[in-house]
Amino acid sequence: MKQIIRARILCIFDLFLAIGAIWSGFQMITSSSGTIFAEPYPDSWASNLPFDSWVLPGILAIVIFGLGNIIAAALSLRKEHSSSWYASAIMGLIFLSGLAFQYISVGEMYIVTGPFLIFGVVQLCLSGYVFLGYRSSKLTKEYS
């Protein structure tokens with residue numbers, strides 16, 4: 001029962017991240033001025049990134065992070081979900097890698113980079129929490 005609660009917490013967090021990614025992606029796609037997160041993206045970023053507009057990054061946010069986290073959440077809802085943490089951990093690693101790529105490419109951090117780093121680390125920690133729960137329940141069954 002405790003393990004099911006762990007997996008559900010991870011599922012809820014994955015859904016939270018998915019909704020945020022889809023919302024941000026739509027903002028990127030529909031924003032004519034590039035204003036997202038209460039301020040416009042710096043012009044210095046445009047020259048350092050391989051995009052002409054924020055449409056493609058918005059689509060990538062929706063497809064990779066939105067749908068990816070929805071899939072990770074759905075895997076947590078399966079009846080036999082002992083490996084559901086894999087998908088969430090992979091999504092967390094992709095998210096943190098994307099933030100690292102952004103910092104390396106642009107050479108500066110954006111206003112939401114800090115909170116995004118926290119979200120990625122929390123996702124990895126929750127994935128580890130679910131993994132450790134499965135591992136300890138497996139060890140308990142072996143020694144019983």
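These are my notebook entries on one predicted chain, from its overall make-up to single residues.

**Ground rules.** I worked on a predicted model, where local features need pLDDT of at least 70, side-chain atom pairs count only at pLDDT 80 or more, and totals for chains, interfaces and linings use all residues. I number residues from 1 along each chain as its sequence is written, and side-chain values use heavy atoms, with hydrogens and water left out.

**Overall make-up.** I looked up the secondary structure and found five helices and two strands. I take helices (H or I, at least four residues) and strands (E, at least two) as DSSP runs, numbered from the N terminus. Along the sequence the pattern reads α-β-β-α-α-α-α. The chain has 144 residues, and 38% of them are buried. Here buried means under 20% relative accessible area, exposed over 50%, and partly exposed in between (1.4 Å probe, protein chains only).

I then checked contacts, meaning heavy atoms within 4.5 Å. Of those between residues at least 6 apart in sequence, 79% join residues at least 24 apart. The accessible surface comes to about 8600 Å², and carbon and sulfur atoms hold 71% of that. The areas come from the Shrake-Rupley method with a 1.4 Å probe; for residues, only the protein chains shown count as cover.

**Helix α3.** I compared its length with the expected span, which is 1.5 Å times one less than the number of residues. α3 has 23 residues and reaches 32 Å from first C-alpha to last, close to the 33 Å expected. Its buried residues include P57, G58, A61, I62, F65 and G66. Further along α3, G68, N69, A72, A73 and S76 are buried too.

**Helix α4.** I ran the same check on α4. Its 23 residues should span 33 Å, and its end C-alpha atoms are 34 Å apart, which agrees. Among its buried residues are W85, S88, A89, F95 and Q102. G107 follows α4 and has a positive phi, near 80°.

**Nonpolar patch.** I next asked which helices supply the nonpolar surface patch. α3 (55–77) and α4 (84–106) each supply at least two residues. The largest share, eight residues, comes from α3. The patch covers about 950 Å², and its members include L15, V55, I59, V63, Y86 and I94. Patch residues have over 30% relative accessible area and no salt bridge; like charges are joined within 9 Å, nonpolar side chains (Val, Leu, Ile, Met, Phe, Trp, Tyr) within 5 Å. A salt bridge is a side-chain nitrogen of Lys or Arg within 4 Å of a carboxyl oxygen of Asp or Glu. L15 sits in helix α1 (residues 2–30). L15 counts as partly exposed because its relative accessibility is 36%.

Is S127 buried or exposed? It is buried, with a relative accessible area of 1%. S127 lies in helix α5 (residues 113–143). The S127 side chain reaches the backbone nitrogen of A89 at 3.2 Å. Leaving aside neighbours within four places in sequence, S127 is in contact with L10, W85, S88 and A89. G128 is also in α5. G128 counts as partly exposed, at 27% relative accessibility. I also looked up G128 against L10: they are 118 residues apart in sequence and 10.0 Å apart in space, C-alpha to C-alpha.

**W54.** I found W54 in the loop between α2 (43–48) and α3. W54 has a relative accessible area of 18%, so it is buried. W54 and T30 are 24 residues apart in sequence, and their C-alpha atoms are 9.0 Å apart.

How values were computed
A polar contact is a pair of N or O atoms within 3.5 Å; within protein, one must be able to donate a hydrogen and the other to accept it, and residues adjacent in sequence count only if both atoms are side-chain atoms.
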